[in-house]
Amino acid sequence: MSQLFTPARTRGLLRATAAAVALSSVLLTTSCGAADESGGDAKATAAVPAGFPVTIDNCGVRRTYDKPPSRVVTIHQHPAELMLALGLKDRMVGKAFPDSAVLPELKKDYEAVPELARKEPSFEKVLDAEPELVYGGYGSAFAEKEGRSRSAFADAGIDTYLNREYCGKKKVTMEDTYDEIRTIGKIFGVSDRADKLVTELRGRVGKAAGTVEGEPEVPVFVYDSGDKAAFTAGGKSLGTELIRLAGGENVFADLDDVFGDVSWEQVIERKPEVIAIYDYAGAGNVEQKKRFLLSQPALADVPAVRNKRFVVLPLTATLVGIRSAYAVDDLARGLHPESFR
């Protein structure tokens with residue numbers, strides 16, 4: 001196999017190593033939950049939505065919010081899209097690290113939020129935005145070696161929230177997506193919007209899954225990246241559940257991890273009929289990946305390669321965020337096109 005690009009293993013490694021760091025028990029007055037002891041908080045108190053204070057346990061960090069945060073920085077695209085889908089653009093003072101094309105209905109609002117960095121921003125860059133809360137998508141949002149640990153933000157009087165996918169729970173499901181949306185809804189005092197969004201996404205998933213119900217399961221190989229070995233989605237990934245809901249079966253569902261390397265010989269042996277290509281910046285574009293797969297003589301007899309059956313999924317559609325419901329529909333159409341005619 002020729003070497004085209006370096007496999008992207010960050011997500012798998014960070015999921016395994018992400019650790020919860022306790023927040024400081026001292027609430028600084030600059031924190032979003034701090035009370036103004038000077039007596040000048042009557043106006044702010046009157047504006048606090050019903051249901052507060054709200055206490056949230058997040059990856060081992062317990063935090064009580066006396067009111068919704070008003071200045072938020074999101075690191076990684078899926079937290080930003082979730083915030084926007086809940087109508088919280090006015091709370092966002094910065095975003096960072098776009099992964100894929102943004103949903104068309106969110107594009108205008110997404111572009112209106114200042115971009116702090118194309119990758120994870122520095123600690124100082126985040127501080128410059130003066131956030132009350134930093135909402136991270138991958139564990140790398142709060143990488144200690146980069147000076148962005150949750151405790152470092154706490155010391156600066158800034159709260160943090162990490163996407164539940166990186167809280168150490170291995171297997172990820174659609175229920176994690178719905179729970180994530182509801183939790184963010186609680187933090188920002190928009191639980192009604194969160195419930196409505198969950199209902200809409202459940203309906204989207206149910207419609208796609210119902211359309212292909214009873215159809216034979218299609219063997220699917222997830223190709224994230226890699227040349228000498230294939231970096232793929234394992235049985236504990238959300239991708240495996242998305243494939244199942246769409247009427248397919250991940251041929252590496254027995255891989256006891258979220259992501260991992262498999263040999264090309266294993267891919268050949270398992271005879272996938274469709275290849276789901278994960279699309280994101282930094283691991284070669286989709287056309288490069290297709291050319292690579294189609295150019296390898298050893299893969300020529302793999303049904304998916306022979307028949308050129310590829311389904312492209314934005315990486316953000318395979319994560320705990322609003323896009324996963326869209327991915328079920330896209331996958332179902334790719335696996336069972338005849339059911340949608």
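Helices (H or I, at least four residues) and strands (E, at least two) are DSSP runs, numbered from the N terminus. We're working with a predicted model, where local features need pLDDT of at least 70, side-chain atom pairs count only at pLDDT 80 or more, and totals for chains, interfaces and linings use all residues. Residues are numbered from 1 along each chain as its sequence is written, and side-chain values use heavy atoms, with hydrogens and water left out.

**Exercise 1. Place Ser100 in the fold and list what it touches.**

Step 1: start with the secondary structure. Ser100 sits in the loop between strand S4 (92-96) and H4.

Step 2: check accessibility. Ser100 counts as buried at 14% relative accessibility, where buried means under 20% relative accessible area, exposed over 50% and partly exposed in between (1.4 Å probe, protein chains only).

Step 3: look for partners, with contact meaning heavy atoms within 4.5 Å. Leaving aside residues up to four places away in sequence, Ser100 touches Gln77, Asp279, Pro314, Leu315 and Thr316.

Step 4: Tyr280 is 180 residues from Ser100 along the chain, and their C-alpha atoms are separated by 5.5 Å.

**Exercise 2. Work out how H3 packs on H4, then look at His78.**

Step 1: get the geometry from axes, which are lines fitted to C-alpha atoms (for helices over the stretch in contact), with angles from 0 to 180 degrees between N-to-C directions. H3 and helix H4 (residues 104-112) come out at about 105°, with axes 10 Å apart.

Step 2: classify the angle. Under 35 degrees counts as roughly parallel, over 145 as roughly antiparallel, 65 to 115 as roughly perpendicular and the rest as oblique. H3 and H4 are therefore roughly perpendicular to each other.

Step 3: name the contact residues. H3 supplies Gln77, Ala80, Glu81, Leu84 and Ala85, while H4 brings Leu106, Asp109 and Tyr110.

Step 4: sort them. Ala, Val, Leu, Ile, Met, Phe, Trp, Tyr, Cys and Pro count as nonpolar, Asp, Glu, Lys and Arg as charged, and the others, Gly among them, as polar. That gives five nonpolar, one polar and two charged for H3 with H4.

Step 5: turn to His78, found in helix H3 (residues 77-85). His78 is buried, with a relative accessible area of 3%. Not counting residues up to four places away in sequence, His78 touches Gly137, Tyr138, Asn163, Thr316, Leu319 and Val320.

**Exercise 3. Classify the packing of H8 and H13.**

Step 1: helix H8 (residues 191-211) and helix H13 (residues 323-335) meet at about 15°, their axes 8 Å apart. H8 and H13 are therefore roughly parallel to each other.

Step 2: list the residues. Leu201, Arg204, Val205 and Ala208 of H8 make the contact with Ala325, Tyr326, Val328, Asp329 and Ala332 of H13. They split into seven nonpolar, no polar and two charged.

**Exercise 4. Which cysteines does a disulfide join, and what does the pair tie together?**

Step 1: apply the cut-off, a pair of cysteine sulfur atoms within 2.5 Å. One disulfide turns up, joining Cys59 to Cys167 (S to S 1.8 Å).

Step 2: read the torsion. At -70° about the S-S bond, the link of Cys59 and Cys167 is left-handed.

Step 3: Cys59 is in the loop between strand S1 (54-58) and strand S2 (61-65), and Cys167 in the loop between strand S7 (159-162) and helix H7 (174-187), so the pair ties together parts that are 108 residues apart in sequence.

Step 4: compare accessibility. Cys59 is buried at 13% relative accessible area, whereas Cys167 is partly exposed at 31%.
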